[in-house]
Amino acid sequence: MAGAAEPEAHSLVQRGAERVGRARRGYIKKFYNETWERRYGFSVDEGTLTLLWSITVSIFAIGGLVGAIIVTPIVKFFGRKCTLVLNNVFAVAAALLMSLSLLAGSFEMLILGRIIMGVDAGISLSALPMYLSEISPKEIRGSLGQVTAIFICIGVFTGQVLGLPEIFGQESRWPFLFGAIIVPSLIQAVILPFLPESPRFLLLEKHNRSKAEKAFRRFLGKDDVSHEIEEVLAESRVQRNTKLVSVVELLRTRAVRWQIATVIVTMGCYQLCGLNAIWYYTNNIFSESGIDRETIPYVTLSTGAVETLAAVFAGLVIERLGRRPLLIGGFGLMIIFFAVLTVSLTLQSTVHWLPYLSIFCILAIIASFCIGPGGIPFVLTGELFQQSQRPAAFMIAGTVNWLSNFAVGLLFPFIQAGLQTYCFLVFAGICFAGASYLFFVLPETKNKTFHEISQAFAKRNKVTIEMQEMNHYPGEGKSREEQESNFTSSVDNGETKKGIV
């Protein structure tokens with residue numbers, strides 16, 4: 001599987017640039033004000049400036065939603081790997097717009113670059129987990145899928161380092177932070193074309209057995225891949241057909257109702273569990289603990305380091321412990337530390353050492369998030385659905401992800417203003433709801449084939465195994481033998497079926 005992690009370049013850079021951009025809000029607001037005054041001869045009023053900043057922040061999520069919606073037809077037509085390669089066009093365009101906005105004296109370029117970067121993020125955070133889930137043997141599918149979260153955390157840490165005053169953390173240098181996006185994008189554009197396409201995509205959607213075998217050989221590093229080919233073909237025979245389903249058809253399919261619900265819950269909790277609230281409070285807590293303002297950027301590096309270490313730990317143990325313990329345990333630990341943090345923040349003015357407890361709770365919440373809720377939702381979306389359903393499933397997951405992201409950005413200031421430090425109890429309640437749902441509904445998917453995972457949901461969906469297989473393609477009238485014969489013939493003859501819905 002050497003080289004399979006190369007597509008992670010986008011996940012690395014998009015999260016880092018996002019976090020650093022928010023950290024430089026003072027510089028960017030000043031740029032907006034100076035640009036406005038140069039154009040119109042007077043300073044922008046505070047309300048308009050706040051609106052421009054809010055648009056700049058929230059437009060990223062809107063772009064992400066657009067990317068998540070358009071990714072389904074793109075991966076159907078171009079394939080997983082080619083989609084990731086082409087996606088670099090968005091990243092480079094966004095980086096150029098944002099990095100040149102100060103020179104051009106145009107804050108519109110920065111806002112436009114943000115939405116294009118959001119589109120890039122929406123596409124990559126769907127196409128990338130899809131690609132990784134399809135190229136991974138079931139024995140390491142979770143570990144390889146967790147690489148997405150690991151590189152997102154590395155992106156955060158990289159952004160924090162680049163944002164230090166000695167590097168790009170100065171008023172005249174903030175555009176270089178956004179320009180840095182070009183570097184991993186170009187690396188990916190150069191390396192990714194040398195990696196094979198998803199063998200499952202080649203075999204089940206393009207019906208090209210020879211290319212699929214070649215891709216399996218390169219990924220697995222062995223000559224005999226007959227077992228892997230037969231395993232994929234066995235899955236396709238169970239499905240009766242490999243026609244790709246649309247989002248509407250997937251939502252109407254009874255056999256995957258609980259899988260869809262599980263993806264919606266995990267993706268919703270991924271964004272709504274309160275991590276953004278933690279970042280909102282971090283600098284204030286560090287300041288109240290006695291750390292001077294100039295030192296805070298260096299201390300903040302500890303949050304990025306904890307994120308990365310926790311994500312790496314999860315990647316190392318996910319195939320031993322499984323998905324359920326890490327997800328439920330992660331949410332459970334977040335509930336505990338949210339409760340302690342609420343008490344600590346409420347009473348910290350009365351006890352001198354409580355700010356240090358607050359710092360510990362912040363780091364503990366970040367670590368708890370990254371060991372499970374921060375990466376496993378993307379793994380599950382790739383595991384809970386069959387090949388023909390996966391693009392539509394990732395579109396649903398991406399839509400929930402970015403709508404939740406937008407909702408947090410829109411609603412959190414009001415929640416924080418109304419509840420103050422007690423706002424963390426809201427997030428603790430969301431974590432409790434998510435953990436409870438997963439405890440009662442989610443089966444363990446570790447070391448199981450995609451078909452075995454579908455069978456695990458059959459009873460909860462109230463369908464027999466036979467009905468579940470038929471429900472993948474409601475309305476298909478052909479007999480099982482005829483469909484299997486047609487599919488096998490098309491694969492053996494190298495026939496390509498577009499199957500775009």
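The structure holds 18 aromatic pairs. Rings of Phe, Tyr and Trp (its six-membered ring) pair if their centres lie within 6.5 Å; planes under 30 degrees apart count as stacked, over 60 as edge-to-face and the rest as tilted. One of the pairs joins F31 and W174; it is tilted, at 5.5 Å centre to centre and 50 degrees between the planes. This pair links distant parts of the chain: F31 lies in helix α2 (residues 25–40) and W174 in helix α8 (residues 174–179), 143 residues apart. Helices here are DSSP runs (H or I, at least four residues), numbered from the N terminus.

This is a predicted model: local features need pLDDT of at least 70, side-chain atom pairs count only at pLDDT 80 or more, and totals for chains, interfaces and linings use all residues. Residues are numbered from 1 along each chain as its sequence is written, and side-chain values use heavy atoms, with hydrogens and water left out.

F31 counts as buried because its relative accessibility is 3%. Buried means under 20% relative accessible area, exposed over 50%, partly exposed in between (1.4 Å probe, protein chains only). W174 is buried too, at 1%.

F60 and W402 form an edge-to-face pair, because their planes stand at 65 degrees, with the ring centres 5.6 Å apart. F60 sits in helix α3 (residues 46–78) and W402 in helix α21 (residues 390–419), 342 residues apart. Both are buried.

F31 and W174 also belong to one aromatic cluster with Y32, F107 and F178. The charged end of R39 sits over the ring of F107, 4.9 Å from its centre. Such a charge is NZ of Lys or CZ of Arg, within 6 Å of the ring centre and within 35 degrees of the ring normal.

Key
Helix = DSSP H or I, 4+ residues; strand = E, 2+ residues; numbered from the N terminus.
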